[in-house]
Each structure stands twice: as structure tokens, then as C-alpha cells.
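Hello,

Here is the structure you will be working with. Please open it first, then read the notes below it.

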Amino acid sequence: MYSMTNTTSVPLAGQGAPAGALRGGKRAALASVPSAADADERTRDRVLSAVLEHGPVSAAELGDMLGFTPAAVRRHLDHLSRAGVIEVKRVARAGAGAGRPARRYVLSSQGQSSLGDDYLNIATLALKQLGAVAGDEAVRQFAVERFAEMERRYAPEVEAAGTDITARAQALSAALSRDGFVASTASIEAKAPLPAALSSVQLCQGHCPIQQLATQFPVFCDAETEMFSRLVGVDVRRLSTLARGGHVCTTHIPTGRPAVTVATATSGAPDNLDEVSNHLQERP
């Protein structure tokens, strides 16, 4: 009589390997595998970032950008919509006549306010107090000085782009994006029978770090628009602002004439921003 033994057997709990060690190893292995919830959260962050940067944008466009199936991108868009951080805008299709407007996604007011609005409540109260004590002119001067500092930083980059208006607008866009404004440019070429002089660039800003302030103190938008005009070297027109309910801040920059070299912030802003009629901001 003899017994056969399996020389390759794995030790069982209590037979050469502590049960706790096995359970600990299993826990460590599971911990190293990202959960489905974590993966969904990261994917939604990518979708939200794309909406912020490219909005108004369609679900199909987002799918192409991010490599998602239509079903997958719509699932994440629905989640973000329910959370209140994005919303749907109905946008008329170019050249589509009177057809049904297309669905485009943009950040909601809640989504905008969740991106870097620290201390804005304190700043708002401080500016209200400043206005009460020293008058509206003091608030205006505060806004002018804030953008004068930005203008001094941006001017060398914009000047390095040369005299081409489009290139200068793109340089300004890059500088704004670095400061958190999520800026982009889009060229609009005038087609016959319209003269080429009507060509333009639209400078868009998907995020405004001081949106709440600008909502209560529009002079911040005025001062920013004046800064853009001096930097690119042509008169510009603000078409929409986040502060006034737009889904982006949009600035119309004509490109049909060469840039005019203008004094930068070192010589100060115009004495009265309201005197420049073609810098008015319109509701979207």
C-alpha cells in the first residue's frame, strides 16, 4: 500500500498559507483594477472639457473628437445634463433654410460657475463697497487697471505675430487660453458678391473666470473689449458675452484691413470706454 501525492498542489488556507495573506493578495489585485465608476467619471470629464472648449457642439461631433460611439457619448451627455452642468442650445443649420434647429451642447451657468469662481463673492462685495464709497468711476478704473496688466503681458506675443490681423487674433487667443479663458478663433471669409473687406475672425472664449463679477459690473466686459481692440490693432465688436447670457463670449474682429499700431496699456486706456460705439456688447 502506498499513497500518491500531488507535488504541484496549491496550499490551502490553514495548510501552509495564512488565509489572511490570500485575502490580502486578492484585495490588492482588485484595488489595482480601476472601477467602472472611475472610468465613467474620467470619460465624463473628457466630454465636459470638449463641450467647454468646442461648444456649441453636437453629439456626433463630440463622438468624432473623442473616439466614442454615438450611444456612448449620448449616455455621458445625458448624465451631464441631468447634473445641470451642460445644456442644449438649438442652433439653426447654416444654409438649411427653415429646417429644425440642430441640438448643440454648451456649458450651463451652473457648469460655468463650477470652474474657478473662488473668492468671487468676496470680490463682488468689495467692488460694491468701493462703488458706494468712491463712486462708479472707481470701479471702472479698477477694471481698466486689471486689463492693463493683462495687456502688458499679451502685447509682446501679439506684436510678434506681425501685422496680419488673423495671426494677431490667434496669438491673443493663445494668451487668453493660457490664462484660463478657453479661447479659440474661427476665420469667416466673405464670399462674392460680398467684398473681401468684410472677412473677419471670431474670437471665442468658452470660460470667464470673472463671469459673476462681469454680470454685476459690465464695465469689466467693456474694458476687456477695448484691450482686444488695442492689441489686434483694429476696431472690434463684442457680439455676445457669458455675463449677459451667451454660451460663449464672442468678439467680431474684421480682417479686411491691416492692423494699426496702437499704444498699449503703458499709455493707459481711453478716458471713457462708453465713447467708442463699435465696442458695444449685444445680447445673444
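**Helices H7 and H8**

On one side of this helix contact are Met150, Tyr154, Glu157, Val158 and Glu159 of H7, and on the other are Arg168, Ala171, Leu172, Ala175, Leu176 and Arg178 of H8. By type, the residues of this contact are seven nonpolar, four charged and no polar. Please keep in mind that the model is predicted.

H7 covers residues 136-160 and H8 covers residues 165-178. Their axes come within 9 Å and cross at roughly 135°, so the two helices are oblique to each other. The crossing of H7 with H8 is right-handed.

**Serine 173**

Helix H8 also contains serine 173. Is serine 173 buried or exposed? Its relative accessibility is 6%, so serine 173 counts as buried. Apart from neighbours within four places in sequence, serine 173 is in contact with Ala183, Ser184, Thr185 and Leu203.

**Cysteines**

A disulfide is a covalent bond between the sulfur atoms of two cysteines. How many disulfides does a search of the whole structure find? The search finds zero. Cysteine 208 is in no disulfide, and the nearest cysteine sulfur, that of cysteine 249, is 5.5 Å away. For cysteine 221, the closest cysteine sulfur is also in cysteine 249, at 6.1 Å, which is too far for a bond; the cut-off for a disulfide is sulfur atoms within 2.5 Å.

Cysteine 208 counts as buried because its relative accessibility is 13%. Cysteine 221 is buried too, with a relative accessible area of 8%.

Regards

Definitions and conventions:
Residues numbered from 1 in each chain as written. Predicted model: local features only at pLDDT ≥ 70, side-chain atom pairs only at ≥ 80, totals over all residues. Heavy atoms only, no water. Axes fitted to C-alpha atoms, helices over the stretch in contact; angles between N-to-C directions. Helix = DSSP H or I, 4+ residues; strand = E, 2+ residues; numbered from the N terminus. Parallel < 35°, antiparallel > 145°, perpendicular 65-115°, else oblique. Left-handed = near helix turned anticlockwise from the far one by under 90°. Contact = heavy atoms within 4.5 Å. Nonpolar A, V, L, I, M, F, W, Y, C, P; charged D, E, K, R; others polar. Buried < 20%, exposed > 50% of the residue type's maximum accessible area, 1.4 Å probe, protein only.
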